[in-house]
Amino acid sequence: MAKQFYIKGTNRKWVNLTGQEFYIFVNNFENQNRYFYDFQDYILEVSKEKFEEYTKEKNHADYLKRLSKSYQTMSIDSDLITEFGCGEEVISNNEEDIADILFKNLRSKALRKTLSLLPLDEYQLISDIYLKENKKTEQQIAEKNGLSQKAINKRKNKILRDLYFSVLKFEKSQQ
């Protein structure tokens, strides 16, 4: 269903506008002090007070929705807790496991080390595609080097495969 747009006309009766008419209307300088509220299926002109009231209610509802996603209230006398023996097993922890954090740090260290050992042309290719702020596409690199995109893709995949095995080898040496 297409969204409906309603404004108060000069005779205080509701006027239904098309999307294009509404866009032109709200972008007109004369209408800059008018307020509209989006009620999902339709947009309606409202007073400033109503606009602030609706916005406040929506913000509050969104806030409550965000709170309910993160936390779950449970009684200490819950059947789940008595079933598991204590509350510790039931309490969810959304934080990352310390072992995972340490593993990622080790992997990051291993990747930095193996990247530093790459030949300059291979490092440049990986850097252009993944590491630089202004990343380049395989096609851009191919055009710059006078090669096909497929050749650049094969070269990139070979480097990534070699990097993968180098990182694994480095991690084993650190254990």
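Visitor: How many salt bridges does the structure hold?
Guide: This is a predicted model, and side-chain atom pairs count only at pLDDT 80 or more. A pair qualifies if a side-chain nitrogen of Lys or Arg is within 4 Å of a carboxyl oxygen of Asp or Glu. The number of salt bridges is 8.

Visitor: Which residue forms a salt bridge with Lys3?
Guide: Lys3 lies in the segment before E1, and its partner is in strand E3, so the pair ties together parts that are 35 residues apart in sequence. The closest N and O atoms are 2.8 Å apart, and the partner is Asp38.

Visitor: In the salt bridge of Arg34 and Glu45, which residue counts as buried?
Guide: The N to O distance in this pair is 2.6 Å. Arg34 sits in the loop between H1 and E3 and Glu45 in strand E4, 11 residues apart. Buried means under 20% relative accessible area; Arg34, with 27%, is partly exposed. At 9%, the buried residue is Glu45.

Visitor: Is Asp128, which forms a salt bridge with Lys132, buried or exposed?
Guide: The closest N and O atoms of Asp128 and Lys132 are 2.8 Å apart. Lys132 has 33% relative accessibility and counts as partly exposed. Asp128 has 4%, and the limit for burial is 20%, so Asp128 counts as buried.

Visitor: What is the order of the strands in the sheet?
Guide: The sheet is open, has 4 strands and shows mixed pairing. Strands E2 (14-17) and E3 (35-38) each have a single partner strand, so they stand at the edges, with one side of each left without a neighbour in the sheet. From one strand to the next the twist averages 25°. The order is E2-E1-E4-E3.

Visitor: Which residue in E4 stands opposite Tyr6?
Guide: Strand E1 covers residues 4-8 and strand E4 residues 42-46. The two run parallel and are joined by 3 bridges. Opposite Tyr6 stands Leu44.

Visitor: At about what angle does helix H1 run to E2?
Guide: Helix H1 covers residues 19-26 and lies across E1, E2, E3 and E4. The angle is taken between N-to-C directions, from 0 to 180 degrees. For H1 and E2 it is about 115°.

Visitor: How many helices does the chain have?
Guide: From the N terminus on, the elements run β-β-α-β-β-α-α-α-α-α-α. The strands number 4, and the helices number 7.

Visitor: What percentage of the residues in the chain is buried?
Guide: The chain exposes about 14300 Å², and carbon and sulfur atoms supply 53% of that area. Of the contacts with a separation of 6 or more, 41% are between residues 24 or more positions apart. The chain has 175 residues, and the buried share is 20%.

Definitions and conventions:
Residues numbered from 1 in each chain as written. Predicted model: local features only at pLDDT ≥ 70, side-chain atom pairs only at ≥ 80, totals over all residues. Heavy atoms only, no water. Pairing = 2+ DSSP bridges. Contact = heavy atoms within 4.5 Å. Buried < 20%, exposed > 50% of the residue type's maximum accessible area, 1.4 Å probe, protein only. Areas by Shrake-Rupley, 256 points an atom, 1.4 Å probe, with all protein chains shown as cover.
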